Structures are given as structure tokens and as C-alpha cells.
Amino acid sequence: MRHQPLPPVGTFEAWRDAARALLLARVTPEEVSWSMGEVAPDLFARDSPLPDAEGTVTVPREFLQLARQAVWHRDPERFARLYTLLWRVQCEKRLIGDRGDPLVAKLNAMAKEVGRDKHKMTAFVRFRETGDPAAPRRQFAAWFEPTHFIVEPTAPFFAKRFGDMDWSIFTPDLSVHFDGTLNFAECAAKPPFPEDATEDLWRTYFRNIFNPSRLMPKAMQSEMPKKYWKNMPEAGLIPELITTAPARARAMAEAMPTIAPARAARVGEAVRQAQALREAGQDAFEVALAGCRRCPLWENATQAVPGEGPLDARLMFVGEQPGDREDLTGRPFVGPAGQLFDETLEGAGIDRDKVYVTNAVKHFKFVPRGKRRLHQNPNRDEIEHCKWWLGLERERVQPELIVAMGGTALESLTGSRRDILKRRGGVEALGDGTPLFVTVHPSFILRIPDRVRQEEERDRFRADLERLRSLTD
Ligand code: URA
């Protein structure tokens, strides 16, 4: 009996080269015992150098595809099974397509299990920041417990997806480190990770994309098996979400005539959070806003997003409502619309750091679509309820001029958005006499599909802001 050890990294290539050499030397499957690592599993097996491989071996493409996947299975017989199949396909030309053959069926099932495990790894790895967030390349690490030996074949996915940061994934078998290139090392125990401040955000985000009326606990658990939960911050919420889902779904359908117990508990939780913030000495306005329950939008949003800027700003810009990015970061105009806003401000010679930027509505309104959250316009009631906060911001800042960007801001500030395009570029007087300048919302420009028209609108927006600057100079 000959023993054929294979390395834990580069395993597939090593198996392929060894199998080719053994096949050319007519070494039968029964004469080889395979292992990964150094130790021979069979007491009577002896390591011997591979025979010199002269000649070529041809195999069906399907065999190679199958071998490339099944070779990562945890089954100790995987290498032997693959070599037996390779041996047999030399004479049984149609064997690889015969799903009724027990060996072919077994290897296909193994390949499928590996494929599923790889998918789980791409979906369930949760990184924690381990380095200085201000460093040019940020550093992250994760612990993951795959079922099969899938670190090596899955690592390129992470390298592509997170190419701009340094990261490591540790597993009980192997660890992989990326700093521009992939490096593998053996690993055994979970290293100590720092507590991650972003975990709470993850949990809130997951809570928000969770749609109780679509709950299918069985499907959910088969997609996200329990064994992965302990390394996923948001998974701790799943039992609670599953238990409360029917009640929440019913409550949603009936538009909540009375406060449901689960909701009451969460209101209590939010109030406790607001108290904690107050104790930590955070700005009273922001503390109060964080606990806002004036309309139902707070329930699904991650957090209320207050305005940002100096309290002695001469100019106040009012947008519609936070978008997906703003909701996650807690800051206004930091997503795609914010980027266009920033560029246009700069082009018009206005310093964003010197103006106050806020929204008519402080919570993100959206509908979940899979993992995405699609923006929805706030309705009249929501705008009306949120006017309270905008009013407080106006009192705090007392700007010399307010800019309404888009219909929602205009409606909130003047009670009507009618004829917005006619009112654009004009200055109106608000109830307290503060002048109001009217322009469009940057998202309106981003939604224009025609590039030429979009360019024209960008220019018009910049011209509006330049005029604004001349009004305040
Ligand atoms: N759109 C808005 O109106 N406000 C934001 O903060 C972001 C996008």
C-alpha cells in the first residue's frame, strides 16, 4: 500500500498531479491511501515518491468540474473516491453522466454540499474592525466555522469583494489573510477579537429588512442554519423576530389600532436608549429626536437623522428624508444625492462646513426588496408630524436664508409644493419673515436617465446655488 499525502493548501492541484502520475503508472485505486497533511491514515501504508509521469491523461470536462468541487468535502474518502472515478472513466466513457451509478451519485452530492457551504461562507462571514479606522487601509478579521474545507476556494471571492482593505478569516482548519495578495496559514483556535461598535447597527439593520409578513421560519433556518448563528451579531434577534412575527404581521395588516406588546417593549427600549444618551451628555435636541415616535416611520428606520452643521450657520438647506446610507450612518446627505450636493456646493463656492444641512423628515421611509431598501416618498401626515423637528432646528440655527430642495421640503416649509418648477429660483417669505429660496432636489437630477438632460440639470442646479451665494454675499 502506498500513502499519498496532500497539502492543506493547493490541495486540488496536488491531488490532480498525483492522480495523473499514479494513473500513468497503472497504480490501482486499491493500492493508494490518501490523506491531507502528513500522517498516513493506514498503518501499513508507506510514503513513496510519485512515479515519473510520462504521457497524458484525458478526462471529460465534467469530471474535472466535479473533482474541483468535491475535493473540498470533509469526507475522508474524498481523494480515494475521486481517484476511483478517474480510474473508471478511462474505460467507462459515459460513466460521468450516469447519475444512477452510486459513486457518481455520491460525488455529485458531495460537490453540491461543498457548493452550498461556499455560498454560506460568502453570506455569513461577519468582519470586525481590528485596526485603526483612520489608517489608509482598514483592517478586519472574522471567525467562521465552515462544514467543509472551503477556505481556499472561497478566498478569491472575498479578495475581489474587499480588495481595498486588509482582512483575515480564521477557521478551525485554515486561516486566510489578504493584504493585496492571498496568504494561507494553519489555524486552530479562535483568536480574541475586539468588541465591534458596528454590531448594534448590524442588528438594527437586520431587524429593519426583516419583513414579518413574509416569514417562513423553515426556509429561513435552512438558508441560515443555526450552526452559523453564534458568529453573526444579528442572528441573536432571529428567535425574537420569529416569535413576534405573526403578531407584527397582523398588526401591520390591521394598521395597529392599539399598541402591540412587542411594540410597547421596543418603545420602552428606545426610551431607555434615549435616557442613556442623555446621561452620556449628548445634545438634548438629538436625544429627543432619537426617541421620536410622532409617526410610524421610526419603527423601521435604523435611527433618526438630525441636521448637521454649525448652529450659527447663515444658510440652512432642507432636503426630503434620509436615504439608505444616511439611515445607517446617522448623517444627512452622505449617499449618492449627498455626493452630487457636495460637488455642486463646491462648484458654486459654498463651503458645506459653514452651512446647516437637514431634512424635512428625519426617518428613512422604505419598502424592503430582498436585501435592498427602496426609498418611498413620505406622505402628508409624516411631513406634518416631522415639521416639529424642523421648526426646532430653525429656532436653534435661525438662518438668514433657508433653501428648500424639492417638493417635500417646500411642502413642509410653506404648506404646499404646487408649481414648484415655477417657484424654482425665486425667493419667498416664510411666516416668520425668513427668506426661502426654492430649488430642486439632487435626487431628481440623478434620476434623469438621459445623460445630456442630466448634465443640463446639473448646470441649472449649480446656477441656482451660485445665485444663492450671491444673495448671501
Ligand atoms: N435625500 C435627502 O433628501 N436627504 C438626505 O439626507 C439624503 C438623500
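A nonpolar core is taken here as a set of buried Ala, Val, Leu, Ile, Met, Phe, Trp, Tyr and Cys residues joined through side-chain atoms within 4.5 Å. In this predicted model, the largest such core holds 51 residues. The members with the most contacts inside this core are Trp 15, Trp 34, Tyr 83, Leu 85, Phe 127, Trp 167 and Ile 169. Helix α4, which covers residues 102–124, is the element that gives the most to the core, with eight residues. Because domain 1 (2–120) and domain 2 (125–186) both give residues to the core, it lies between them.

Ile 169 and Ala 141 are 28 residues apart in sequence, and their C-alpha atoms are 5.7 Å apart in space. Ala 141 belongs to strand β5, which spans residues 139–143. With a relative accessibility of 5%, Ala 141 falls under the 20% cut-off and therefore counts as buried. Ser 168 has its place in strand β6, made up of residues 166–170. Its relative accessibility is 14%, so Ser 168 counts as buried too. The side chain of Ser 168 makes a polar contact of 2.8 Å with the side chain of His 177.

Attention now turns to the ligand. Which residues are found around the ligand? The shell consists of Gly 319, Glu 320, Gln 321, Pro 322, Gly 323, Glu 326, Pro 332, Phe 333, Asn 359 and His 441. Sorted by class, this shell has three nonpolar, five polar and two charged residues. On the backbone side, an N or O atom of Glu 320 lies 2.7 Å from a ligand oxygen atom, and a polar backbone atom of Gln 321 is 3.0 Å from a ligand nitrogen atom. From the side chain of His 441, an N or O atom is 2.6 Å from an oxygen atom of the ligand. The ligand on its own has 230 Å² of accessible area, of which the protein covers 94%.

Trp 389 lies in helix α13, which runs over residues 380–397. The relative accessible area of Trp 389 is 6%, under the 20% cut-off, so this residue is buried. Trp 389 and Glu 286 are 103 residues apart along the chain, with 10.0 Å between their C-alpha atoms. Gln 398 sits in the loop between α13 and β13 (401–405). At 61% relative accessible area, Gln 398 is over the 50% cut-off and therefore exposed.

The backbone angles bring a final point of interest. Most residues other than glycine have a negative phi. Gln 398, however, has a positive phi, near 45°. Asp 419 likewise has a positive phi, in this case near 55°. Asp 419 is located in the loop between α14 (407–414) and α15 (420–423). Is Asp 419 buried, partly exposed or exposed? Its relative accessibility of 42% lies between the 20% and 50% cut-offs, so Asp 419 counts as partly exposed.

Note on methods: Residues numbered from 1 in each chain as written. Predicted model: local features only at pLDDT ≥ 70, side-chain atom pairs only at ≥ 80, totals over all residues. Heavy atoms only, no water. Near = heavy atom within 4 Å. Polar contact = N/O pair within 3.5 Å; in protein donor to acceptor, adjacent residues only side chain to side chain. Areas by Shrake-Rupley, 256 points an atom, 1.4 Å probe, with all protein chains shown as cover. Nonpolar A, V, L, I, M, F, W, Y, C, P; charged D, E, K, R; others polar. Buried < 20%, exposed > 50% of the residue type's maximum accessible area, 1.4 Å probe, protein only. Helix = DSSP H or I, 4+ residues; strand = E, 2+ residues; numbered from the N terminus. Domains from an automatic or database assignment.
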